[in-house]
Amino acid sequence: MELRGLHKRFGQKVAVEDLSLRVPAGSFYGLVGPNGAGKTTTLSMATGLLAPDAGQALVHGVDVWRDPVTAKAMLGNLADGVKLFDRLTGEQLVTYNGLLFGIPHDEIGRRTTDLLALMDMTDAAGTMVVDYSAGMTKKIALACALVHAPRLLVLDEPFESVDPVSAANIQDILTSYVAGGGTVIVSSHSMDLVQRMCDHVAVVAAGRLLVAGRVDDVRAGQSLQDRFVELVGGRRHTEGPEWLRRS
Ligand SMILES: Nc1ncnc2c1ncn2[C@@H]1O[C@H](COP(=O)(O)OP(=O)(O)OP(=O)(O)O)[C@@H](O)[C@H]1O
């Protein structure tokens, strides 16, 4: 995936400013940044969910905004805060997503069964998504993103609210997906996870790209956590207000 000069403004607020990034095919790419840095806005523009004010997003050379049907066929997207059709059961929702991509019905059935098992969701297959917990909702959305076997996965905070066992299983799935030639872009607040899982990382703050490259080059001998704090600043080393320490 290549992002060229992406720009987005909400009223007076510049959420993303002239952001360019090249994600090599076959890489496991982390996108990190403080709250409000512009990660979700960037990924939404990159995946065809939010129109950029300027710039381009290309998936394997196809412009996401000029040729969305071709680009989206190659793209699996787990977006943050997008409403699902939650009156469907988990099984129906994954099936529906498979149908949207024109996969034959028998094949969708097989893939849905596999994905529900991978997500440890087989027992909840017949439950409506509206009745799922936050973590279960995240996992079924991830299953929907995978059902058409995309070449590129864009995952906004995929591990948020997900239990540790499911998170480890999802990490294994993503690692073998990359080993098989797929590309993953994942936004996360967990530096530890990004350092362990990703081979590349980009750090954004206040809508701008601060640094991008191989994880080992970016962290330059430090932990990614320490390097991140050094890059974005804002660490206060404070004991908090006096009234709170006395309570
Ligand atoms: N629809 C919107 N309308 C107005 N402002 C918005 C909108 N979406 C995002 N913003 C603003 O754009 C900036 C970037 O937000 P964004 O959600 O992309 O950040 P983020 O890096 O994903 O944050 P977090 O880590 O907290 O999820 C923030 O200042 C946010 O308030």
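This is a predicted model: local features need pLDDT of at least 70, side-chain atom pairs count only at pLDDT 80 or more; totals for chains, interfaces and linings use all residues.
An unreviewed UniProt entry lists residues 1-231 as "domain: ABC transporter". Over residues 1-231, the chain is 38% helix and 26% strand. The end C-alpha atoms of this stretch are 25 Å apart.

The ligand is surrounded by Phe10, Lys13, Ala15, Gly33, Asn35, Gly36, Ala37, Gly38, Lys39, Thr40 and Thr41. Two elements give two or more residues to this shell: strand S2 (13-22) and helix H1 (39-46). The largest share comes from H1, with three residues. By class, the shell has six polar, three nonpolar and two charged residues.

Helix H3 (residues 90-100) packs against helix H4 (residues 105-118). The angle between H3 and H4 is about 130 degrees. Their axes are 10 Å apart. The crossing of H3 with H4 is right-handed. On the H3 side, the contact is made by Gly90, Glu91, Val94, Thr95, Gly98 and Leu99. H4 contributes Ile108, Arg111, Thr112, Leu115 and Leu116. The residues of this contact divide into five nonpolar, four polar and two charged.

H3 also packs against helix H5 (residues 134-146). Here the angle is about 25 degrees, and the axes are 8 Å apart. Because angles under 35 degrees count as roughly parallel, H3 is roughly parallel to H5. H3 passes H5 in a right-handed crossing. The H3 residues in this contact are Gly90, Leu93, Val94 and Asn97. Their partners on H5 are Ile140, Ala143 and Cys144. The contact of H3 with H5 comprises five nonpolar and two polar residues, with no charged residue.

Gly90 and Val94 of H3 take part in the contact with H4 and also in the contact with H5. Charged residues number two in the contact of H3 with H4, whereas the contact of H3 with H5 has none.

Definitions and conventions: Residues are numbered from 1 along each chain as its sequence is written. A residue is near a molecule or strand if its C-beta atom, placed from the backbone, lies within 6 Å of it. Helices (H or I, at least four residues) and strands (E, at least two) are DSSP runs, numbered from the N terminus. Ala, Val, Leu, Ile, Met, Phe, Trp, Tyr, Cys and Pro count as nonpolar, Asp, Glu, Lys and Arg as charged, and the others, Gly among them, as polar. Axes are lines fitted to C-alpha atoms, for helices over the stretch in contact, and angles run from 0 to 180 degrees between N-to-C directions. A crossing is left-handed if the near helix is turned anticlockwise from the far one by less than a right angle, and right-handed if clockwise. Two residues are in contact if their C-beta atoms, placed from the backbone, lie within 7 Å. UniProt positions are given in the numbering used here, feature names are shortened, and annotations may be inferred rather than shown by experiment. Angles under 35 degrees count as roughly parallel, over 145 as roughly antiparallel, 65 to 115 as roughly perpendicular and the rest as oblique.
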